[in-house]
Amino acid sequence: MGGNFGFKADFHEKSLAIGRPLMEKIRDRNPDAIVTDCLSCRLQFGHTLPYTIYHPIEMLAMAYSDN
């Protein structure tokens, strides 16, 4: 997504096209969830993929929680 590059109307479709190969690889693996520390990636994954997205700190919190 390249920071705000993917949010600009003139570049949004290009940003999606650049990310398409990665999105296809993720879809092919059909994960339970995605983990990323990149806010831009998280936004684009959330916009284009049906998977739950976590930050690594969220994963650590879940691992160390009593629940």
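The entries below follow the order in which I looked things up.

I note at the outset that the model is predicted. Apart from neighbours within four places in sequence, I found Thr 36 in contact with Cys 41, Arg 42, Phe 45, Ile 53, Tyr 54, His 55 and Pro 56. For Pro 56, which is 20 residues away along the chain, I recorded a C-alpha separation of 6.4 Å from Thr 36. I also noted that a polar atom of the Thr 36 side chain lies 3.1 Å from the backbone nitrogen of Cys 38.

Next I listed the buried residues of H2, which are Ser 40, Gln 44 and Phe 45. These residues cover an arc of only 130° around the axis, so they lie on the same side of H2. Looking for what covers them, I found helix H1 (12–29), S1 and strand S2 (52–54) included.

I then asked which residues make up the largest nonpolar core. It has seven residues in all, namely Met 23, Ile 26, Ile 34, Phe 45, Leu 49, Tyr 51 and Ile 53.

How many salt bridges does a search of the whole structure find? The search finds one, and I identified it as the pairing of the Glu 58 and Arg 42 side chains, at 3.1 Å from N to O. This pair links distant parts of the chain, with Glu 58 in helix H3 (residues 56–64) and Arg 42 in helix H2, 16 residues apart. Glu 58 is partly exposed at 34% relative accessibility, and Arg 42 is likewise partly exposed, at 28%.

A search of the whole structure for disulfides finds zero. The cysteine sulfur nearest to that of Cys 38 belongs to Cys 41 and is 3.3 Å away; since a disulfide requires sulfur atoms within 2.5 Å, Cys 38 is in no disulfide. I recorded Cys 38 as partly exposed, with a relative accessible area of 30%, and Cys 41 as partly exposed at 29% relative accessibility.

Technical notes:
Residues are numbered from 1 along each chain as its sequence is written. This is a predicted model: local features need pLDDT of at least 70, side-chain atom pairs count only at pLDDT 80 or more; totals for chains, interfaces and linings use all residues. Side-chain values use heavy atoms; hydrogens and water are left out. Contact means heavy atoms within 4.5 Å. A polar contact is a pair of N or O atoms within 3.5 Å; within protein, one must be able to donate a hydrogen and the other to accept it, and residues adjacent in sequence count only if both atoms are side-chain atoms. Buried means under 20% relative accessible area, exposed over 50%, partly exposed in between (1.4 Å probe, protein chains only). Helices (H or I, at least four residues) and strands (E, at least two) are DSSP runs, numbered from the N terminus. The arc is that of the directions from the helix axis to the C-beta atoms. A nonpolar core is a set of buried Ala, Val, Leu, Ile, Met, Phe, Trp, Tyr and Cys residues joined through side-chain atoms within 4.5 Å. A salt bridge is a side-chain nitrogen of Lys or Arg within 4 Å of a carboxyl oxygen of Asp or Glu.
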